[in-house]
Number of protein chains: 2
Amino acid sequence: MTRFAALLSLLLTILTTGASAAADPSQGQAAATVRSPDGQIVVTLDAIGGHPAYTVHYRGAELISRSRLGLRFRRQAGLDEGLALGQVARRRDAGEWEQPWGERRVVTYAFKEITAAFVNQADPARRFQVVVRAYDDGIGLRYLVGPDAVGEQAEIVDELTEFAVPQDATAWWIEAGLPNRQEYLYRTTPVSEVKRAHTPITLRTDDGVHLAIHEAALVDYAGMYLKQLRSGRFEAELFPWYDGIKVRAQTPFRSPWRTIQISPDAPGLIDSSLILNLNEPNKLGDVSEWVKPGKYVGIWWAMHIRDRTWGRDGIHGATTEEAMRYMDFAAEHGFDGVLIEGWNLGWDGDWYRNGDVFSFTEPYPDFDIEAITRYGHERGVRLIGHHETSGNVTNYEQQLEGAFALYERLGVNQVKTGYVADAGDIKRLDEDGIPRYEWHDGQFMAQHHVRVLESAARHRIAINSHEPIRDTGLRRTYPNWLAREGARGQEYNAWGNPPNPPEHTAILPWTRMLSGPMDFTPGIFDLRPNERPPVDPSMGRNDPRSRIETTLAKQLSLYVVLYSPIQMAADLPENYEARPDAFQFIKDVPADWEQSITLSGAIGDHIAIARRERGGEDWYLGALTDEHGRSLQLTLDFLREDGAYTAQIYRDGEDAHWRDQPTSLVVESRPVRHGDVLKLDLAPGGGAAVRLRFDGR
Amino acid sequence: MTRFAALLSLLLTILTTGASAAADPSQGQAAATVRSPDGQIVVTLDAIGGHPAYTVHYRGAELISRSRLGLRFRRQAGLDEGLALGQVARRRDAGEWEQPWGERRVVTYAFKEITAAFVNQADPARRFQVVVRAYDDGIGLRYLVGPDAVGEQAEIVDELTEFAVPQDATAWWIEAGLPNRQEYLYRTTPVSEVKRAHTPITLRTDDGVHLAIHEAALVDYAGMYLKQLRSGRFEAELFPWYDGIKVRAQTPFRSPWRTIQISPDAPGLIDSSLILNLNEPNKLGDVSEWVKPGKYVGIWWAMHIRDRTWGRDGIHGATTEEAMRYMDFAAEHGFDGVLIEGWNLGWDGDWYRNGDVFSFTEPYPDFDIEAITRYGHERGVRLIGHHETSGNVTNYEQQLEGAFALYERLGVNQVKTGYVADAGDIKRLDEDGIPRYEWHDGQFMAQHHVRVLESAARHRIAINSHEPIRDTGLRRTYPNWLAREGARGQEYNAWGNPPNPPEHTAILPWTRMLSGPMDFTPGIFDLRPNERPPVDPSMGRNDPRSRIETTLAKQLSLYVVLYSPIQMAADLPENYEARPDAFQFIKDVPADWEQSITLSGAIGDHIAIARRERGGEDWYLGALTDEHGRSLQLTLDFLREDGAYTAQIYRDGEDAHWRDQPTSLVVESRPVRHGDVLKLDLAPGGGAAVRLRFDGR
């Protein structure tokens with residue numbers, strides 16, 4: 001199938017180099033147009049008034065008004081004015097490719113593309129290119145800048161790419177540039193209220209068109225956020241280096257793709273593969289032997305609820321005895337790994353913002369890492385490694401090879417990394433040993449993450465980055481980049497300042513998760529407010545609001561709704577043992593999928609997703625709602641027509657409510673077939689999780 | 001008096017160089033303390049953990065928690081860690097000085113000061129100084145950096161100064177970094193909701209202490225805004241150069257003062273002279289012959305209400321005939337000047353963001369500038385010049401000398417400048433002719449404004465800057481800098497998107513106006529919604545909300561409340577001729593003052609200010625309220641005890657209301673004496689203006 005697809009792709013490729021635009025380029029009035037294969041999306045490039053710009057029409061109407069393009073540099077004149085449209089090359093391609101793991105095994109693509117030259121009218125030797133790709137589910141555009149435009153070295157000080165979106169749209173967004181990186185509650189506002197937004201930012205126009213603006217293939221460039229200039233007109237802003245330069249590049253270079261996903265409805269945004277399709281193919285070859293999707297437990301939630309401490313200034317969580325207890329629990333219930341945080345020297349005292357305290361090779365004396373990994377190996381459970389850097393990247397990079405080599409020797413093949421530091425406060429030493437402070441989403445960190453991935457790959461290790469750079473689909477190119485954080489996860493429910501409201505997980509699929517898998521760490525079963533005193537008084541009192549604002553059934557639904565190839569069962573073992581009925585779903589649900597279909601949804605209100613297990617016939621369905629109870633009727637038209645299935649339904653009890661009765665759960669089974677309608681009643685803050693077990697034809 | 005004051009000052013100055021801090025500097029644990037003369041404010045400097053920091057106590061309680069200090073550089077290691085407190089020099093001074101024009105003639109001051117060295121522990125030759133001044137009404141602190149700290153050249157990439165304010169405070173603020181520069185409605189929020197704020201930002205704690213954070217003496221540095229890092233902890237951010245560098249400096253250099261005004265009540269903030277006291281004395285000598293406070297009219301509002309156009313693509317406003325009509329009106333009613341916008345070539349078409357279109361020496365052919373100025377001269381009225389740059393600063397600087405020379409020859413001694421461009425979009429050409437784009441509040445513009453002031457001074461011209469760099473009290477050093485805009489002025493009421501709400505002018509005195517005089521342009525008498533069609537259809541339709549949300553009496557009160565040495569009567573002559581009763585107050589009220597006293601006020605609610613005319617015995621009183629009507633009882637204890645006065649009261653009629661009856665006005669007179677209580681009933685959105693005419697002893 002894949003080989004055939006590649007052949008098909010080759011046959012469909014039509015390369016029209018040298019075709020020039022219709023009008024006289026010296027007039028700067030020419031326009032070049034590219035249409036999506038289905039003809040619904042039309043992108044036009046022009047250089048009216050000497051300024052390069054693009055416009056997007058969708059279904060015959062203007063969707064993105066004429067929006068400027070351009071780059072400015074520290075030393076050279078900007079590529080933003082005095083330009084004419086020059087030669088335009090055309091290409092089209094279609095086909096499919098296979099993911100080693102993912103929300104769907106086979107990803108299809110079909111696009112038309114133009115590569116347009118913009119030529120300096122005063123000095124025609126000075127030129128650069130803009131590539132535009134139009135897919136049926138959105139567009140990508142990027143800059144290609146060679147030495148004829150700016151010489152050998154370029155320091156970008158400003159990218160001018162605009163996105164002039166419909167002014168009547170509703171926006172879901174978080175503000176960019178604030179200390180907590182991307183960890184904020186999403187806001188739902190008229191587009192006019194957005195000032196600076198991280199991407200993906202998601203918009204719904206008054207006539208129901210859904211858009212999401214983001215970027216793809218951020219490899220060696222600065223991450224982008226959007227600033228609203230005036231009514232609906234956003235401009236790309238780049239996170240700078242410490243000295244204000246946005247991007248340091250050697251020519252030729254190409255920018256990441258600026259992407260606009262476009263869908264006539266909400267589910268279409270989620271089922272789009274635009275971001276993945278705009279990334280380069282797998283550079284690591286066959287990773288199936290060492291990059292393993294799977295489920296894990298860990299010594300983690302205990303610290304967030306302040307029952308244990310990372311270091312030894314309270315009650316140390318990462319002890320040999322506790323590690324073995326988790327290993328036993330994992331083995332008994334079929335989990336692949338045990339994440340243990342606080343295992344290494346450096347967690348005592350004020351580790352946060354306090355210098356280069358962490359050793360990545362020295363365990364605490366009460367954590368016998370050799371014995372623990374041996375114990376796990378005998379039981380078929382791997383230790384999941386943990387590297388918290390506290391944002392001190394030089395300290396981490398200096399130890400990187402040794403740290404991964406240690407883990408490789410111990411059979412660890414997955415590492416969670418952490419960059420807990422204020423945004424803009426990533427510390428590194430420059431070549432003179434001077435501390436410099438960088439942004440999590442700047443070019444330095446883009447480079448750093450690739451260094452980590454490549455070093456990890458040499459040691460057959462996969463990475464799960466917390467406080468990461470934003471996801472732009474690099475898992476396609478580096479399939480050992482399993483997941484990231486990059487939004488408010490479960491731990492905010494432990495601290496309660498405030499906890500995530502019920503709508504949070506009804507927004508994430510259309511915002512953060514458009515960019516890629518998130519390690520949200522679902523599955524908290526103890527849904528009571530956390531009123532226990534912390535074991536270390538210096539941690540401060542638990543916030544009285546700390547609790548999980550979901551029902552138990554909704555916690556289960558997250559395993560399907562929030563896609564990640566690694567899914568944690570985040571609660572304490574004793575809390576799972578207390579609810580074997582609910583726990584069964586977590587034990588059953590896979591973390592790798594053959595296909596995924598968004599059945600229903602409205603941003604911030606509710607969502608229902610179905611996924612078929614990789615290499616199997618069982619389907620899993622997750623549905624959840626915000627603070628309002630609601631009833632969903634889902635047609636099971638994705639099941640095989642010739643199959644018999646048993647629906648194992650984990651649903652909210654009749655009296656369930658996130659506030660009063662969060663653990664009221666009904667588990668029931670019944671036979672279903674293709675085309676049946678499954679009615680699910682979701683409680684306020686509730687959800688449902690369903691296994692559709694294939695019983696044969 | 002002034003000579004005596006200088007002598008007094010000299011006598012009080014105690015210079016204690018070489019006094020070192022109490023503890024061992026090598027420990028980095030020493031602290032140095034300075035108290036305000038009244039002992040109520042205590043500032044402590046320390047270097048705990050190697051990080052320089054300060055703390056402010058007020059009336060025995062901590063007001064500003066320990067807040068970091070420090071600078072980081074592009075090439076050199078930062079001055080922010082590994083430091084110990086070294087030698088501390090002490091000084092105190094008190095005295096008074098005279099303003100050539102202003103809200104008060106005599107300004108008094110009294111402070112204590114420490115200059116503390118912070119010494120690199122690894123390399124003690126590497127050191128810099130922090131100067132802290134404690135006045136009774138607040139503090140200032142600044143950095144002194146010499147070649148021993150960073151060599152000859154420094155490029156600052158980050159200033160770390162923090163302001164850890166009380167978390168329970170209410171804040172009045174506008175967001176920094178948005179396209180409309182400082183022209184936004186002030187927000188009233190818990191301090192936690194502030195993200196990035198322009199200064200002055202004003203805070204009121206739960207126990208009623210009022211604070212305002214700002215800066216003084218911004219001469220050759222980047223302007224500052226504040227970013228909230230976490231609960232109540234703000235960090236200074238600097239507006240960058242186009243390439244991200246914040247400040248380019250040659251050592252030794254000193255930063256502007258970072259200022260915190262502190263007052264036990266709201267009026268105290270306004271009556272503080274902290275910002276002026278922290279600026280350098282007059283560099284221009286005696287300017288009394290050519291820098292003239294005064295009142296003016298102009299061809300300006302007609303364009304904003306779209307009855308006239310700046311250029312000739314509608315109905316040109318700046319014609320010879322219209323200019324002479326305004327000259328006649330000014331002469332008849334005692335105005336000093338006539339501002340005329342749109343007099344010079346460049347206004348046709350899309351002048352905004354459209355290149356270097358303006359000539360500053362070539363009038364439109366229908367504007368006979370020679371005849372107009374001659375006509376004015378014969379009537380004792382000066383033309384007020386106008387230089388709109390549309391943010392193209394190189395174009396302006398290239399014409400600057402010629403432009404001022406032309407005006408000087410024509411007897412023009414005041415010029416309104418304009419920098420209409422999006423924030424961050426000030427265009428200049430660098431030494432290679434490459435366009436660079438700068439911030440209105442960045443170092444380039446700080447330098448530009450000084451260049452303009454110095455050039456203007458050579459031609460005996462005073463400046464009124466619109467879309468300016470923020471005011472930091474430079475009028476003391478350059479007394480030809482009369483006023484600025486730098487906030488939402490009257491013109492927003494013409495456009496109505498939305499207009500300024502009634503509370504706007506009850507917030508300005510405690511925010512924008514703490515920094516210095518604002519050319520708000522009060523005095524609109526036609527208070528109906530603007531429903532006329534624009535003369536140039538391309539301007540777009542007038543917003544149906546466009547109107548002035550005040551009563552007529554409140555328009556009059558603004559001449560007293562909103563201090564400026566130049567006050568416009570902004571409406572059309574015919575609208576003044578229709579209301580001679582109200583107009584009389586504008587004709588009477590001076591624009592230069594002997595003293596000013598804030599009688600009463602609460603931020604955003606109401607304010608009452610009394611001012612005595614410069615060189616006279618008459619007092620003027622302005623009072624205004626927000627959208628709520630209220631009654632004020634003001635004790636006239638500022639009048640001479642031996643004087644007889646007539647209160648000429650311009651107040652809201654009983655049925656007045658900004659929405660329904662804005663022009664309901666009562667003018668009445670009655671005798672008053674020292675100690676009388678004046679009761680003023682203010683309508684919703686209303687105000688009162690009172691002349692307290694001295695009738696002799």
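A salt bridge is a side-chain nitrogen of Lys or Arg within 4 Å of a carboxyl oxygen of Asp or Glu. Keep that in mind as you go through these close-ups of a predicted model.

**Figure 1. A salt bridge joins B:Asp243 to A:Arg74.** In this view, the closest N and O atoms of B:Asp243 and A:Arg74 are 3.1 Å apart. The pair crosses between chains: B:Asp243 sits in the loop between strand E18 (233-238) and strand E19 (247-250) of chain B, and A:Arg74 in the loop between strand E5 (71-73) and strand E6 (83-98) of chain A. Are these two residues buried or exposed? Both B:Asp243 and A:Arg74 are buried. Side chains of opposite charge can pair when their charged atoms come close. You can look for another such pair in A:Asp243 and B:Arg74, whose closest N and O atoms are 3.1 Å apart.

**Figure 2. Chain B meets chain A.** Here 36 residues of chain B are in contact with 36 residues of chain A. Together the two chains bury about 2,800 Å², with 37% of that area on carbon and sulfur atoms. On the chain B side, the residues that lose the most area to chain A are B:Arg74, B:Lys195 and B:Arg196, which together account for 19% of what that side buries. How many salt bridges does the rule find across this interface? There are 8 between chain B and chain A. The two chains also share 20 residue pairs in polar contact. Strands E5 (71-73), E10 (153-159), E17 (224-230) and E27 (435-438) of chain B each give two or more residues to the side that touches chain A. E17(B) supplies the largest share, 4 residues. Sorted by type, the residues on this side of chain B are 14 nonpolar, 4 polar and 18 charged.

**Figure 3. B:Arg72 has neighbours in both chains.** This residue is found in strand E5 of chain B. B:Arg72 counts as buried because its relative accessibility is 10%, and buried means under 20%. Leaving out residues up to four places away in sequence, B:Arg72 touches A:Asp425 and A:Tyr437 from chain A, and its chain B partners include B:Gly78, B:Glu155 and B:Leu160. Which side chain joins that of B:Arg72 in a polar contact of 3.0 Å? The partner is B:Asp80.

**Figure 4. Helix H7 of chain A packs against other elements of its chain.** H7(A) covers residues 369-379, and its buried residues are A:Ile369, A:Ala371, A:Ile372, A:Thr373, A:Tyr375 and A:Gly376. An α-helix has 3.6 residues a turn, so residues three or four places apart point the same way. What do the buried residues of H7(A) pack against? They meet helix H6 (320-333), strand E24 (382-388) and helix H8 (393-409) of chain A. Just after the helix, A:Gly380 takes a positive phi of about 75°.

**Figure 5. A:Asp526 sits in a loop of chain A.** The loop runs between helix H11 (504-507) and helix H12 (552-561). At 17% relative accessibility, A:Asp526 counts as buried. The side chains of A:Asp526 and A:Arg528 make a polar contact of 2.9 Å. Setting aside neighbours within four places in sequence, A:Asp526 is in contact with A:Arg532, A:Ile548, A:Asp571 and A:Asn575.

**Figure 6. Two salt bridges lie within chain B: one joins B:Asp471 to B:Arg484, and another joins B:Glu617 to B:Arg640.** The N to O distance between B:Asp471 and B:Arg484 is 3.1 Å. B:Asp471 is in the loop between strand E28 (462-465) and strand E29 (481-484), while B:Arg484 is in strand E29, 13 residues apart. Both B:Asp471 and B:Arg484 are buried. For B:Glu617 and B:Arg640, the closest N and O atoms are 3.1 Å apart. B:Glu617 lies in the loop between strands E32 (606-613) and E33 (619-625), and B:Arg640 in the loop between strands E34 (630-635) and E35 (645-652), so this pair ties together parts that are 23 residues apart in sequence. B:Glu617 is partly exposed, with a relative accessible area of 24%, and B:Arg640 is partly exposed at 22%.

Conventions: Residues numbered from 1 in each chain as written. Chains lettered and ligands numbered in written order. Predicted model: local features only at pLDDT ≥ 70, side-chain atom pairs only at ≥ 80, totals over all residues. Heavy atoms only, no water. Contact = heavy atoms within 4.5 Å. Buried area = accessible area lost by both parts, 1.4 Å probe. Polar contact = N/O pair within 3.5 Å; in protein donor to acceptor, adjacent residues only side chain to side chain. Nonpolar A, V, L, I, M, F, W, Y, C, P; charged D, E, K, R; others polar. Buried < 20%, exposed > 50% of the residue type's maximum accessible area, 1.4 Å probe, protein only.
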